[in-house]
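The following paragraphs lead the reader through a protein structure.

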Amino acid sequence: MAVFVPLADGVQVDIVHILDDWVISNRLWFVYDTPPWDTPALQGLSDGVASWWTTFILPYLSNELLTTLVRVSDWTTPTHPEVAATIVNTAGGVAAESSTANVAVVVGFRWGLGTRLKRNKHFVAGVPEQEITLNTPSATIRDILFEGYTALIDETREFYPDTTWRWVVASAFDGGAARTTQYWETCQGTYPRRLYPLGQRRKRLPV
Amino acid sequence: MPFIPVPDVALIQLEGRVDGCVTINDLYFEITGGGITPVNLQALCVAVEAWWSANVIPALSEDWVSVRVVGTDQGSATGPRVETSGGDPGGVGGEAAPNNVAACISFRTAQRGRSARGRNFIPAVPNSLITLNTLDPTFITQMTDAYNELAGPGTFLAGWEWVVASRYTGGVARTTGIAIPIVAATFTTPYVRSMRSREIGHGA
């Protein structure tokens, strides 16, 4: 069983999708600058992430990808209860076939430290097949993802309540050993867009 | 890793390249009525290369190209090795799915357990033959028919039988590997599968 490593004053946000009848998700970490948070603040974060995703990323993905909800889990306690959620139920905006579910564009997140500690990244699914040539994502989709994820830095500071939430890159393990609490740094954006490779998520395939 | 012999068994490696990455598919054949020699190994290699070229390559994307077919005696570490040249591109004039996307065909024997099953991850499936995650039924039939041509004692090539080779059991190396005849090839799912080592940046 996975070890629970808390994130002080932090939450995990899952963006949940359905692709080919299979549930998949992307995870982000956020920290609250002025604890303790309250219910409206958690809902503000959930609604904010949903709005960002449906504005900046989802319109450029295949309509075979359906984003169903955004959910926020309190990552300060081992039971990590769901504390807010936003129903999305919106399909991607491109009327074209998606790449297979085990194909994703990998967007790595930068933080203030060097490269030795494990960084966070998103495996973006539902990329239209036309945006991938053999193994190379198109410049267009890389530009869109770069601009979209970069926008999340500023968007986060405008989530309700203003200037309280912070998008962070978190690390739960150090040298293979679980930390007492997750180490985090403010996310500084993504890797250069030319370094977005194709990656794979084989567990996203139907069985 | 020590060499584990599999007596009277030859490994045939079907090597190709797509987007700069090597793809390798392994097939094993057991010889009956005599040992493996360079001559009978070469005959097997030529026959498998002809089968591959006639039955499988035409269904692959033109992004893939055959490099060579290599045959190796698995009976001893110093046994014969032969190869035939490739060069044929895939026969479908359309883009291949990314390298990690493959069609997985399972090889079944009359026995149960992991030692008694094999598989091939068929590379360079044309995008036109995949709908989201699902392989075109025609492609599945074509591959199943092709691989089933290999099954049966002496059916494919006199003196040889297509087998699964097993060198480990329960995670422990066998002293001598065993060969189990394959009776059928089949797809267990219509969905594509992943071959991580073929991703750009992995493998050769």
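Two strands are said to pair if DSSP finds at least two bridges between them. In this predicted model, strand β1 (residues 10–19) of chain A and strand β2 (residues 22–32) of chain A are joined by 10 bridges and run antiparallel. One of the residues involved is A:Val13, whose bridge partner in β2(A) is A:Leu28.

This pair belongs to an open sheet of 6 strands in chain A, in the order β4-β3-β1-β2-β9-β10, with antiparallel pairing. At the edges stand β4 (82–91) and β10 (177–186) of chain A; each has a single partner strand, and therefore one side of each is left without a neighbour in the sheet. From one strand to the next, the twist averages 30 degrees.

Two helices may be considered next in relation to these strands. Helix α1 (residues 39–57) of chain A lies across β1, β2, β3 (65–74), β4 and β9 (165–174) of chain A, and its direction is at about 20 degrees to β4(A). Helix α2 (residues 139–158) of chain A lies across β2 and β9 of chain A, running at about 115 degrees to β9(A).

Chain A comprises 2 helices and 12 strands, and from the N terminus on its elements follow the order β-β-α-β-β-β-β-β-β-α-β-β-β-β. The radius of gyration of chain A is 17 Å, close to the 17 Å that the globule rule gives for 207 residues, so the chain is as compact as a globular protein of that length. The C-alpha trace of chain A spans about 45 × 35 × 35 Å along its principal axes. Of the 207 residues of chain A, 43% count as buried.

Notes:
Residues are numbered from 1 along each chain as its sequence is written. Chains are lettered from A and ligands numbered from 1 in the order in which they are written. This is a predicted model: local features need pLDDT of at least 70, side-chain atom pairs count only at pLDDT 80 or more; totals for chains, interfaces and linings use all residues. Helices (H or I, at least four residues) and strands (E, at least two) are DSSP runs, numbered from the N terminus. Axes are lines fitted to C-alpha atoms, for helices over the stretch in contact, and angles run from 0 to 180 degrees between N-to-C directions. Two residues are in contact if their C-beta atoms, placed from the backbone, lie within 7 Å. The radius of gyration is taken over C-alpha atoms; the globule rule is 2.2 Å times the number of residues to the power 0.38. A residue is buried if 20 or more other C-beta atoms lie within 10 Å of its own, exposed if 12 or fewer, and partly exposed in between; C-beta atoms are placed from the backbone.
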